[in-house]
Amino acid sequence: MSEITKDYTIIEAGKEEKNYWQDLFVYRELFYFLAWRDVLVRYKQTIIGIIWCIIKPLLLMIVFTIIFGKLAKFPSDGVPYAILVYTALLPWQFYATSLTDSSNSLISNTNMVSKIYFPRIIIPTSSIIVNLFDFVISFLILLVLMIYYQFVPSWTILTVPFFLFIAILNTLGSGLWLSAINVKYRDVKYIVPFIIQLGLYISPVGFNSSIIPEQWRLIYSLNPMAGVIDGFRWAILGNETQIYMPGFILSCFVIILIFVTGIWYFRKTERTFADII
Amino acid sequence: MTQVIQVENLGKKYLITHKTGEVYLTMRDAISKNLKNLFNKTSNKGVDSKEEFWAVRGITFNVNEGDRVGIIGRNGAGKSTILKLISKITAPSEGTIKIKGRVASLLEVGTGFHLELTGKENIYLNGAVLGMGKAEIKRKFDDIVAFAEIENFLDTPVKRYSSGMYIRLAFAIASHLEPEILVVDEVLAVGDLQFQKKCIARMDEVSKEGRTILFVSHNMAIINALCNKGILLEEGKTKFIGPVNNAVEEYISNVSVFAKNTHLIDRIRPKECSLKAKIIEVSIITERGEDQDIIDSTKPFIVRFTIDASADINSAILFNINDMSQDLIRFDSALSSNKYFSFKKGINTVDCKIKPTYLTQGNYKIDFCLLRVPNEIVHDQIHDALTFSVLDLDPYNTGFNLSQKYSRFHVDHEWLENKVRK
């Protein structure tokens, strides 16, 4: 039997799959095709198609600008309030839609999970890509808004990809957790809309996080989206807003924790997905 | 010969939950029952009990390069579980599997198809799902389209395809895979006869190229034609491993014993069955009103179903007569007779009166009985419900016995005197 250990894939009961990450590379084209499928499907059979990903943040921006900017008169540190809100809506919309998609992704691909082998992590990950696509389009709208308000961003706007990367880690981490739990407990479909609804108000989307009293800011930063949104504001609005460093670092720490435990939990449970989905 | 698959002491266990007491049909029942338990803690502790169930256990076999292995056995014997374990879809609970080479599994037709996408887009998507790279799909694209015969519908969303086109496209993609090991689960059972032949020819071709095939089917004729090696499973264990002919013979002789000895109530049902109504007995009743399993095929007979309904439901009945290796005749009350039965709660019987079949001498079975509303719900499904024999068939009293050796049926005919053309 000893001659057959080298070229053989060995599946052993109770043992971790050895070539998991290697398989992930082998199946990269599947990842690409699934993401491409989601992009193709998203706006099929809609009349105005891609305009939807512009309308949603624009309407929210208008509502928040009126309520928080005009009625409640929250400070905006000299930045047009609409831009202040829209800057936060970029990562927020990305987070909200990605979380919904990725938490449902395994369930909506039940057939594939129960009939085909591939590293399951591909599914929730690829479902986020389509939202990146929307993100880019929404970002272009931001540039249009800047021209309209004659707002000149500083060099820091070049750091947006870094903060986007943090946003992706956060989304992916939560998505891995929720999609894996969703396989067993369908309660997730009630929890996610709740997280999103609540999160929109407790995250600094409609207001600047500088209005949070100093002694509460560190605790406030336990919300990972607070760090992400502050980062986006700092990058896009430049020197007009100051980033609160301890809070930002704490948020990043929480995000890394969610991401690492997300991968851990997903890997731990994925071997049973096909049995219980 | 190199061994490409080595399976040692393989086992797969599932935890199944038993609920004591009646089955909950509605959410309301479930809630009220749970509330009762909440207030009445003493009576019903441990409403759910978990039990281990070994779908397969202690399976050991080897497959050589180029082998075409037919895996046969009754429903619930563990055939599909073995395919899923080898395809890495599910993880084993004990034992090891060693595999050399790329495995492509085809457990379902069109996995990953998206209805909104066009045929062309789905070729790329499904190809990737089955493990092909973009370059590989591009290279084979024209062949796939030609094989599926869908040239004119490439840019039509597959939701507008007929079911035949859909299946043809799906199989065309799958059959252009070039894995070292191909794992196939009964997908040939769908599609029209001509296309089935094409698929078998294609699988034959694939095996001649030296690839290894693992194939699960209930159709013994296809197994016999396609495979050289057979593995017979029974209740999750290997009953026989060896040349395919012997495996099939063993299976057939087991079926008769099994059908006689295992009551329909105790059969394992596929999990998609609602079981709101169950087939509890199938019997053959001859002209004289006797219940028996030897028939004279020149006389009419009745197939009687006894059905236990747990509520008032509507359902159609479907069954096949099978010659122990493949289905011969299908009787479908919904599709061919447009007949649905209204079962009342309790025991119901339905008779299907069959005119003389002129089946030739040999053993047959009533296989694959189904209670269902087409396209909606399957209430119950049973394989190998009943075996019966036709003793001899000599329709013209010539003393010559027509048997399965010559044909499966006899058709009433008449030879006319020869005429001389002037």
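## Two helices of chain A

In this predicted model, helix α4 (residues 81-108) of chain A packs with helix α8 (residues 188-202) of chain A at an angle of about 175 degrees. Their axes lie 10 Å apart. Angles over 145 degrees count as roughly antiparallel, and α4(A) and α8(A) are therefore roughly antiparallel to each other.

Which residues in α4(A) meet α8(A)? From α4(A) come W92(A), A96(A), L99(A), T100(A) and S103(A). Across from them, α8(A) brings V188(A), V192(A), I196(A) and L200(A). Sorted by class, the contact of α4(A) with α8(A) has 7 nonpolar residues and 2 polar ones, with no charged residues.

## Chain A as a whole

Let's step back to the chain that holds these helices. The secondary structure of chain A comes to 12 helices and 1 strand. If you read along the sequence, the strand is at the start of the pattern and the helices follow: β-α-α-α-α-α-α-α-α-α-α-α-α.

The C-alpha trace of chain A spans about 75 × 45 × 35 Å along its principal axes. Chain A has 277 residues, and 42% of them count as buried. Among contacts in chain A with a separation of 6 or more, 82% are between residues 24 or more positions apart.

## Where chain A touches chain B

How many residues does each chain bring to the contact? Chain B gives 31 residues and chain A gives 25 residues. On the side of chain B that touches chain A, β4 (94-100) and α3 (119-129) of chain B each supply at least two residues. The most come from β4(B), with 7 residues. By class, the residues on this side of chain B divide into 12 nonpolar, 10 polar and 9 charged.

A strand pairing links the two chains here. Strand β1 (residues 8-12) of chain A pairs with β4(B) in the antiparallel sense, over 5 bridges. You can look for E12(A), which stands opposite T96(B) in β4(B).

## A glycine in chain B

Is G362(B) buried or partly exposed? It counts as partly exposed, because G362(B) has 17 C-beta neighbours inside 10 Å, whereas a buried residue needs 20 or more.

Leaving aside neighbours within four places in sequence, G362(B) is in contact with D323(B), V390(B), S403(B) and Q404(B). In sequence, G362(B) and R408(B) are 46 residues apart. In space, the C-alpha atoms of G362(B) and R408(B) are 8.7 Å apart.

Key:
Residues numbered from 1 in each chain as written. Chains lettered and ligands numbered in written order. Predicted model: local features only at pLDDT ≥ 70, side-chain atom pairs only at ≥ 80, totals over all residues. Axes fitted to C-alpha atoms, helices over the stretch in contact; angles between N-to-C directions. Helix = DSSP H or I, 4+ residues; strand = E, 2+ residues; numbered from the N terminus. Parallel < 35°, antiparallel > 145°, perpendicular 65-115°, else oblique. Contact = placed C-beta atoms within 7 Å. Nonpolar A, V, L, I, M, F, W, Y, C, P; charged D, E, K, R; others polar. Buried ≥ 20, exposed ≤ 12 C-beta atoms within 10 Å, placed from the backbone. Pairing = 2+ DSSP bridges.
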